[in-house]
Amino acid sequence: MLSLRMLIRTWRGGELGLILWSLILAVAVVTSVSLLAERIEKALTQESSSFLAADLVVRSSKEASEEWLKEAQIKNVSTAKIMGFSSIVFHGDELHLASIKAVQPNYPLRGSIKRSTIAFTRDPSLIESVDFGPDRGEVWVDARLLPLLNIELGDEIELGDMILKVSQILIEEPDGSSYSFFGARVLMNYADIPASGVIQPGSRVTYRYLMASNDQSSFEEYKAWLEPQLDVHDRLITPDQAQVSITDTMDKGRRFLLLAGSVGVVLAGIALALASHHFSTGQTKQVALLKSWGISASRVRRLYLQQSIWMGVCGSLIGLAVGFVFHHLLLLIIREWLPIELPLAGLQPWIIGMATGLLCLAGFTLPALWHLPAQSPLAVLRQDVVSKPLSSVVRVSFGVAAISGLLLWYSNNLYLSLAILAGFGVTALASVLGGLSLLRLGMQYGQRMGSVWRLALANLWRRRSQSLIQMIGFSGAIALLMIMIVVRTSLIDQWQFQLAEDAPNHFLVNVAPYELDGVRQLVEDNQLDTAGWYAMVRGRMTEINGVAITEDQKDSHESFRRELNLSWTTELPEGNTIAQGEWWDLAELAKFSEKVNEAGQVIAPVSLEDELAGELGLKLGDRITFSVGGLIFEAQMIGTRSLNWDNMTPNFYFLFPEGLLEEYPRTSMTSLYIPPEKKLLVNDILRSYPTVQVIELDKIIDRIRTIVSQVTRGLEVMTLLILGCGVLVMFAAVSLSMSERLQESAILRTLGSSRRLILGIQLIEFSALGTMAGLLASAGAELSVAMLQRYMFDLSFSMHLWLWYTGPLVGGLLVGSLGVGYSRKAVVQPPLEVLRSL
Amino acid sequence: MIEVTNVCKRVITTEGKLDILDGINLTVGDGETLAIVGPSGSGKSTLLGILAGLDLPSSGSVIVNNQDITAMDEEGRAMVRAKDVGFVFQSFHLLPGLTALENVALPLELNGDGKALETANYYLDRVGLSSRTTHYPRQLSGGEQQRVAVARAFACKPTILFADEPTGNLDTGTGEIINDLLFDLNREEGTTLILVTHEINLAARCNLTLQLQAGRQMENGEANSKDLVS
């Protein structure tokens, strides 16, 4: 326990302060980021589960097997059944083709239903969240059904043979987007279905079988058991598949949290490396003294190793506690933006925090202390006898190994780890290579300037090895912070359109040519804008490469069974990118105009959505025969496109050039933003044009917006946290040369130098160092960001000019003010006191 | 007892070979006191380092209590230092984070002494600092700090005490107090005392004097202030 006693005494003496604080903060930052990230991640996963109202759903055209339910009960998995279909509801003479959803009482398994007793309300105080469905004999309905049927809340409606009481207004269903969009929603009790008599053999019904469990392992077991039981009529839906646009946002949000955490890990490592270097320099005298007392080198090594272990364990434990408190404080700050209840974190963040402490210590502190046992005892008599530290290459290798290991383990992402290491590596290398030249240039230029400048810049050159180490610290921290800010800004920019208040939230589909002008007029009368009208033709695939679609193919994919929407355009639609093959240009079209099949018909070029082409087993050059209302034509697949599902504008799986489909019977569609106060326009359209279908996405878009804004806020908080971590690194780097600087300043002060001169020298030294570091950091950040944008965030590469002036500016200001703040002691306290305290 | 035979120390500099010490011979018996004197750069501290086993001569031998420390490896010399040697330095070398008591107790603790604190208290009392045991070096005057260093050196009960200009950083009055303390404790504990000094008065109190001039031994034997002055 002597080593622990020695450690406590060293800490009490203030020598351990920086290293221990760096360690505690390193662990605290990593722990709090991990805790927060895991809790937000879990919450987001739950949130996406709520899009399904379950953890997993089987959609089927038939009712779930009793076997599935029995097995679920055994595995402790909750289940709920849902049936969805369209049916006419009546009240007196009024009728409406409603979208009926029959649910068991325990629906929803995840998320909640929002209901109210006031129609069309948006006032949160009038909206109630419940986790159960309607009682038997009751229905909860979309507010717009009331004017459609001319009824009030409490009135009764007829569905088949049943009379049901409208007891609540349905504001929001967690899985609202997963069902048929057509017609006002009527939510009813599953047990009322037989009595209503609306479901007959052959009725078009979609069954959903909801599953959820809090026991992850038994849930996985059940999932593994269930999958082989499914046939072609059943489709398994996971939360990720439920909402593509949300999944993408959350996925990028998660990656950013990882990036932030990883940057935190590296910053923590740099802080610790700098602090260890500082600590080790201070220990030389003590080791010489111990050895002069006859303590052997091996004993010294053991003592320092034991002290390091104690320091690692104690520092990490305190760091874990601080991290826990810190993450709670962060939660308090962002609570307003995180209305969702955050689930508790697992063990992982604690393990990561502890490992960060121990690994950083092994990678940075131990190599810095390694040479101490070799210190000659003669140093007690002669100051010039100092043992050589481990070579920089060895020390850097240890540090890089520790950081790489941590990064890889923490992020589980090779690209991310490589990008961060490359960014930091380039910055460090540039600091060593370019730093010396900059310091020399500064010194030479300083000769021609005033005395303060000359002294300051000459000082930097005189202390060049220390200046270089500081420069690596400063530039590394600045580069990492810039990387974070650039990625954060790019992501938020990318999400801006999702946050846009007027993003389209309704689709109008199936508008006949003779209805088009009328619907357009109605929209214009309401002073609303559409995203443009797209014509489409409904067609069915009948043959592939001259062979008729088989029953097996029909079973394997619904696109072989049903009518498809075919559209045409000249330009590649916005948000579409070519995945395979090509887009048609004039030359290509000219070639096709001469292509005819055996029947002498012109073959049309067609571009498919990339994933669908893969699912259908279609390759470039394949010929597809379509039937449009009995009229047959042939097309050849010349390319595939990736679509952007985020932008809420119409997307088409099959696109043809203009001039080929216009002769077939067609309808039009568009998307538009309908504000809540004009929601009744939907009723007007449906009344005047009963065949037009309105797909209502307003509720789902509201939810997307909420989630995107939550993820954005999470990003902001993380950025702030990591900025704090960066300042710590700078603080550690400033401390590195402080005792020497204070000593020099105290001597200058003794010789009568003014406060202005001393602080001026410090200001110029640190600002110059910070400016040079900032410049070098910009280069590293630009490289790293290019890699991250390309490989991790699917963002296009762009130069960031602002980095090149912000880096030097922020570096100069921040490092300059930190340095001067630290040096104030030299001019505030009497010189003798300063010298004695060193 | 220390026997030094023909000790030389040679270093290579940019200007060629430099003899820091050349042919030093001396014998210091148990309980005797030796002052090593000479101008700056004459090799006093180098000789002290070699005698204490902190450094090795280029040639010659040093036998400390019948053990040839020049024939030993660093571990062997460390054992000799641990058992037989104590130090007092010009710049005190107290650990800033430790109180006076802890500074004195540390070498004892490192040697596994279970009563380290009691012994440390006893020696601090003997150097007149029993009321300052919980003070940190920065809270003590230079003289007080050197008294703590003296207590630390004697607490380990060395057979030989090496002092490198023990009063070099102190004013005359305080220096005298430290000198008295050193010689009193030396007498009481029966320690051999070898010190490096510039001070005539201090050297005069030793029964042996070794005068160095550019690494060469000028005189060895009974000394008095007159000899040193001449």
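Two strands pair if DSSP finds at least two bridges between them. Keep that rule at hand for Exercise 1. The model is predicted.

**Exercise 1. Strand E17 of chain A**

Task: Find which residue stands opposite Leu608(A) in E20(A), and describe how E17(A) pairs with strand E20 of chain A.

Solution. 
Step 1. Locate the strands. E17(A) covers residues 604–609. E20(A) covers residues 654–656.
Step 2. Apply the rule. DSSP must find at least two bridges. E17(A) and E20(A) have 2 bridges, so they pair under that rule. Their sense is antiparallel.
Step 3. Read off the partner. Phe654(A) of E20(A) stands opposite Leu608(A).
Step 4. Now look at strand E19 of chain A, residues 631–642. E17(A) and E19(A) run parallel and are joined by 6 bridges. Within E19(A), Gly639(A) is the bridge partner of Ser607(A).
Step 5. Check the cover. E17(A) is mostly covered, with 5 of its 6 residues buried.

**Exercise 2. Gln283 of chain A**

Task: Decide why Gln283(A) counts as partly exposed.

Solution. 
Step 1. Gln283(A) sits in helix H8 of chain A, residues 244–292.
Step 2. Count neighbours. Gln283(A) has 19 C-beta neighbours inside 10 Å.
Step 3. Compare with the cut-offs. A residue with 20 or more is buried, and one with 12 or fewer is exposed. The count of 19 lies in between, so Gln283(A) is partly exposed.
Step 4. Look along the chain. Gln283(A) and Glu15(A) are 268 residues apart in sequence. In space, their C-alpha atoms are 8.9 Å apart.

**Exercise 3. Two helices of chain A**

Task: Describe how H11(A) and H12(A) cross, and which residues meet.

Solution. 
Step 1. H11(A) spans residues 392–411, and H12(A) spans residues 414–446.
Step 2. The crossing is right-handed.
Step 3. List the residues. From H11(A) come Ser404(A), Leu407(A), Leu408(A) and Ser411(A). They meet Leu416(A), Ser417(A), Ile420(A) and Leu421(A) of H12(A).
Step 4. Sort them. This contact has 5 nonpolar residues, 3 polar and no charged.

**Exercise 4. Where the chains touch**

Task: Say how many residues each chain gives to the contact, and describe the side from chain B.

Solution. 
Step 1. Count. Chain A gives 25 residues and chain B gives 24.
Step 2. Name the helices. In chain B, H1 (44–51), H2 (74–84) and H3 (100–110) each supply at least two residues of the side that touches chain A.
Step 3. Find the largest share. H2(B) provides it, with 6 residues.
Step 4. Sort by class. The side of chain B holds 12 nonpolar, 4 polar and 8 charged residues.

Conventions
Residues are numbered from 1 along each chain as its sequence is written. Chains are lettered from A and ligands numbered from 1 in the order in which they are written. This is a predicted model: local features need pLDDT of at least 70, side-chain atom pairs count only at pLDDT 80 or more; totals for chains, interfaces and linings use all residues. Two residues are in contact if their C-beta atoms, placed from the backbone, lie within 7 Å. Helices (H or I, at least four residues) and strands (E, at least two) are DSSP runs, numbered from the N terminus. Ala, Val, Leu, Ile, Met, Phe, Trp, Tyr, Cys and Pro count as nonpolar, Asp, Glu, Lys and Arg as charged, and the others, Gly among them, as polar. Axes are lines fitted to C-alpha atoms, for helices over the stretch in contact, and angles run from 0 to 180 degrees between N-to-C directions. A crossing is left-handed if the near helix is turned anticlockwise from the far one by less than a right angle, and right-handed if clockwise.
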